[in-house]
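The following note sets out points for discussion on the model shown below. Please read them alongside the coordinates.

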Amino acid sequence: MSAAVKYTLGRIGLFVGVLAALWFVDMNLFLRLMLALVFSAALSFFLLKGWRDEMAGEMAEAAERRRGEKERLRSALAGEDQGAGDGPAESEPGDRHR
């Protein structure tokens, strides 16, 4: 399971847990939801630090791979990445079109 899925499920689980703990407190439903959101965010900052760091690492690796692939494609489109036989053959000086 990817780190992003684990972290997201952890955040949702914390929210549901805090909401369940606040369910028996006599207050407005909207206030109860907002308090559950704030408390679960604060708890996730401490309890889910490892998963958050793992997710950030995976995202950084993916961004680096995309950046490398983008540069490779740019250089290929610019003609800098052509090896022997990869691109069109060079034309002879007398073969130019007028």
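1. F45 counts as exposed, since its relative accessibility is 53%; the classes are buried under 20% relative accessible area, exposed over 50% and partly exposed in between (1.4 Å probe, protein chains only). F46 is likewise exposed, at 64%. The model is predicted: local features need pLDDT of at least 70 and side-chain atom pairs pLDDT 80 or more, while totals for chains, interfaces and linings use all residues. Residues are numbered from 1 along each chain as its sequence is written, and side-chain values use heavy atoms, with hydrogens and water left out.

2. One aromatic pair is found in a search of the whole structure. The ring centres of F45 and F46 are 5.2 Å apart and the planes stand at 85 degrees, so this pair is edge-to-face. Rings of Phe, Tyr and Trp (its six-membered ring) pair with centres within 6.5 Å; planes under 30 degrees apart are stacked, over 60 edge-to-face, and the rest tilted.

3. R32 lies over the face of W23, 4.9 Å from the ring centre. The criterion places NZ of Lys or CZ of Arg within 6 Å of the ring centre and within 35 degrees of the ring normal.

4. The protein has three helices and zero strands, in the order α-α-α along the sequence. Helices (H or I, at least four residues) and strands (E, at least two) are DSSP runs, numbered from the N terminus. Of the 98 residues, 15% count as buried.

5. In α1, the buried residues are A3, Y7, G10, L14, V18, L19 and L22. They fall within an arc of 165 degrees seen down the axis of α1, so they line one face of the helix; the arc is taken from the directions from the helix axis to the C-beta atoms. Their cover includes α2 (29-47) and α3 (49-78).

6. The largest nonpolar core consists of five residues: A3, Y7, L14, L48 and M55. Such a core is a set of buried Ala, Val, Leu, Ile, Met, Phe, Trp, Tyr and Cys residues joined through side-chain atoms within 4.5 Å. Helix α1 (residues 3-22) supplies its largest share, three residues.

7. S44, in helix α2, is buried at 2% relative accessible area. Leaving aside residues up to four places away in sequence, S44 touches Y7, R11, L14, K49 and R52, where contact means heavy atoms within 4.5 Å.
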